[in-house]
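User: I'm new to this one and would like a walk through it. Could you take my questions one at a time?

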There are 2 protein chains.
Amino acid sequence: MSVDGFVAGPQQDADTPLGVGGEHLHDWAFPLAAWREPHGLEDGEVNESTPVIEERLARIGATVMGRNMFGGGTGPWGDDPWNGWWGDNPPFHHPVFVLTHHARTPLMCEGGTTFTFVTDGIESALEQAKVAAAGKDVSPAGGAYAGRQYLHANLVDEMEIDLVPIFLGDGERLFENLGAGNPRLTHVATVAAPGVTHLKFERA
Amino acid sequence: MSVDGFVAGPQQDADTPLGVGGEHLHDWAFPLAAWREPHGLEDGEVNESTPVIEERLARIGATVMGRNMFGGGTGPWGDDPWNGWWGDNPPFHHPVFVLTHHARTPLMCEGGTTFTFVTDGIESALEQAKVAAAGKDVSPAGGAYAGRQYLHANLVDEMEIDLVPIFLGDGERLFENLGAGNPRLTHVATVAAPGVTHLKFERA
């Protein structure tokens, strides 16, 4: 999230899925070995973010994401459906549940990632993901709309915000219209790292 | 500022000038010796925030504030005008310029604080404050509306955000409607401290 509260810039489309300027939200992560390894890239840096990312990835057993994070404003699946942004070997390496209005058979990818398409709502996706995670954590990875739905429904036990010291000025907010005092999460840790501050919260 | 971007909570009024929950935005500061000393209080803690606050206070030669920060939604001054929230010995100890639509003679307080009431706009207030600061910094201290006007007008050379890891859920945002890519400020430093993360930016 940018300092001014945006998790994507304005004018999101297929060419700029994170909106204008939004790609800089991830500048801190790309050089890290801990980010590069699950993306099939070698080498990389080690810094204060490394243990934060390593611990996070180790704990996640399943991911839930909105349809935009899977592959843009994807409409009804055709005969040759779009397989999303993530390529043949997505970086998740675990079951992923995609919130959508359009049913589709699951998509099995290289490297252990499976995409399961869930049409009956966020609670169903969470329940399926909990089973698939087999005791590990379920991560509502994004985008903002999907994340906000889980916050609204008070289904979030922990939240980690990677706060990036840039201003986007406009775009999509994660924290919008949640109402006074929400989300009811309590701060438990702050880690300052190059290009990012990691803030961790738990259910109050 | 709260993690979700609010510099005051909802329902600001005379009894709750920072809105519901907004008082917790300053919880990190109250125990600090560096905060207590200019407020005429003894003792206090020393931690990672101390050099940040000491340096900031040492550099400020004049303050500009909105009328709400001076004393609520103050209307035309009567025969016995309200002297604001700040008591007989305000914690500024330097010239303060109050943005208002209602002219009034300056108010001299104990301890070196003077309030000058400026009715001809933010640029005039800034120019007067620059002269009064005699080479030191001018701080547009708040509230949100006054600060946002200076950001809009691109008159901010440096900004320090004290980011507090709480959620207010609703209230007044500092960063609202600034437009893509604004403010044009670049991150220069982060200091993680108990109950707050200090983020410093400079003109890009």
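This is a predicted model: local features need pLDDT of at least 70, side-chain atom pairs count only at pLDDT 80 or more; totals for chains, interfaces and linings use all residues.

Analyst: Residues are numbered from 1 along each chain as its sequence is written, while chains are lettered from A and ligands numbered from 1 in the order in which they are written.

User: In what order do the five strands of the open sheet in chain A come?

Analyst: Strands here are DSSP runs of E with at least two residues, helices are runs of H or I with at least four, and both are numbered from the N terminus. Two strands pair if DSSP finds at least two bridges between them. The pairing in this sheet is mixed, and the order is β4-β5-β3-β2-β6.

User: Why is one side of β4 and of β6 in chain A left without a neighbour in the sheet?

Analyst: β4 (107-108) and β6 (137-142) of chain A stand at the edges of the sheet. One side of each is left without a neighbour there because each has a single partner strand.

User: Which residue in β3(A) does Gly66(A) stand opposite?

Analyst: Strands β2 (residues 60-66) and β3 (residues 95-99) of chain A run parallel, joined by four bridges. Opposite Gly66(A) stands Leu99(A).

User: Is Lys130(B) buried, partly exposed or exposed?

Analyst: Lys130(B) sits in helix α4 of chain B. A residue is buried with 20 or more other C-beta atoms within 10 Å of its own, exposed with 12 or fewer, and partly exposed in between, the C-beta atoms being placed from the backbone. Lys130(B) has 16 other C-beta atoms within 10 Å, so it's partly exposed.

User: How far apart in space are Lys130(B) and Thr63(B)?

Analyst: In sequence, Lys130(B) and Thr63(B) are 67 residues apart. In space, C-alpha to C-alpha, the distance between them is 9.4 Å.

User: Which element gives the most to the side of chain B that touches chain A?

Analyst: Contact means that two residues have C-beta atoms, placed from the backbone, within 7 Å. Here the contact takes 27 residues from chain B and 27 residues from chain A. On the chain B side, the elements giving two or more residues are β9 (185-193) and β10. The one that gives the most, with four residues, is β9(B).
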